[in-house]
Amino acid sequence: MEAAGARATAEAPLAWIALEANRTVHRHELRVRYWPGGGDETLLARAHAHGADIEWLAG
């Protein structure tokens, strides 16, 4: 993804969306990274593993 992100342009941007388990807080976290723009992660939401509830953090 880093290599693909390095090739991203304003005319051909790239976003990587990931939903991963955070075993410390026992929640799944929805994160996005954008290129161009440095590829910094933004935490969008935390959710129950089976979708019982979602806490939206960014929007």
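**Fold and salt bridges of the predicted model**

A compact globule of 59 residues would have a radius of gyration near 10 Å, whereas the protein chain in this predicted model has 13 Å. Along the principal axes, the C-alpha trace of the protein chain extends over about 40 × 20 × 15 Å. Of the 59 residues, 22% count as buried. Among contacts in the protein chain with a separation of 6 or more, 12% come from residues 24 or more positions apart.

The protein chain is built from one helix and four strands, and reading along the sequence gives the pattern α-β-β-β-β. The four strands make up an open sheet in the order β1-β2-β3-β4, with antiparallel pairing. At the edges lie β1 (14-22) and β4, each of which pairs on one side only. From one strand to the next, the twist averages 25°.

Strands β1 and β2 run antiparallel and are joined by nine bridges. Within this pair, alanine 15 has tyrosine 34 of β2 as its bridge partner. Six bridges connect β2 with β3, again in the antiparallel sense. These two strands form a hairpin with five residues between them, and glycine 37 in the turn has a positive phi of about 135°. Across this pair, glutamate 29 faces arginine 46, the latter in β3. The last pair, β3 and β4, is antiparallel over three bridges. Here too the strands form a hairpin, this time with six residues between them, and glycine 51 in the turn has a positive phi of about 80°. Arginine 46 stands opposite glutamate 55 in β4; as noted above, arginine 46 also stands opposite glutamate 29.

We can now turn to the charged side chains. Side chains of opposite charge can pair when their charged atoms come close. The structure holds five salt bridges. One of them joins arginine 27 to aspartate 53, with the closest N and O atoms 2.5 Å apart. This pair links distant parts of the chain, since arginine 27 belongs to strand β2 (residues 27-35) and aspartate 53 to the loop between β3 (41-47) and β4 (54-56), 26 residues apart. Aspartate 53 has a relative accessible area of 34% and is therefore partly exposed.

A second salt bridge brings together the side chains of glutamate 29 and arginine 31, at 2.8 Å from N to O. Through shared partners, salt bridges join Glu29, Arg31, Glu41 and Arg46 into one network.

Arginine 33, another residue of strand β2, deserves a look of its own. With a relative accessible area of 16%, arginine 33 falls under the 20% cut-off and so is buried. The side chain of arginine 33 reaches the backbone oxygen of glycine 39 at 2.6 Å. Setting aside neighbours within four places in sequence, arginine 33 is in contact with Glu2, Leu14, Ala15, Trp16, Gly39, Asp40 and Glu41.

Key: Residues numbered from 1 in each chain as written. Predicted model: local features only at pLDDT ≥ 70, side-chain atom pairs only at ≥ 80, totals over all residues. Heavy atoms only, no water. Salt bridge = Lys/Arg side-chain N within 4 Å of Asp/Glu carboxyl O. Buried < 20%, exposed > 50% of the residue type's maximum accessible area, 1.4 Å probe, protein only. Pairing = 2+ DSSP bridges. Axes fitted to C-alpha atoms, helices over the stretch in contact; angles between N-to-C directions. Polar contact = N/O pair within 3.5 Å; in protein donor to acceptor, adjacent residues only side chain to side chain. Contact = heavy atoms within 4.5 Å. Rg over C-alpha atoms; globule rule 2.2 N^0.38 Å.
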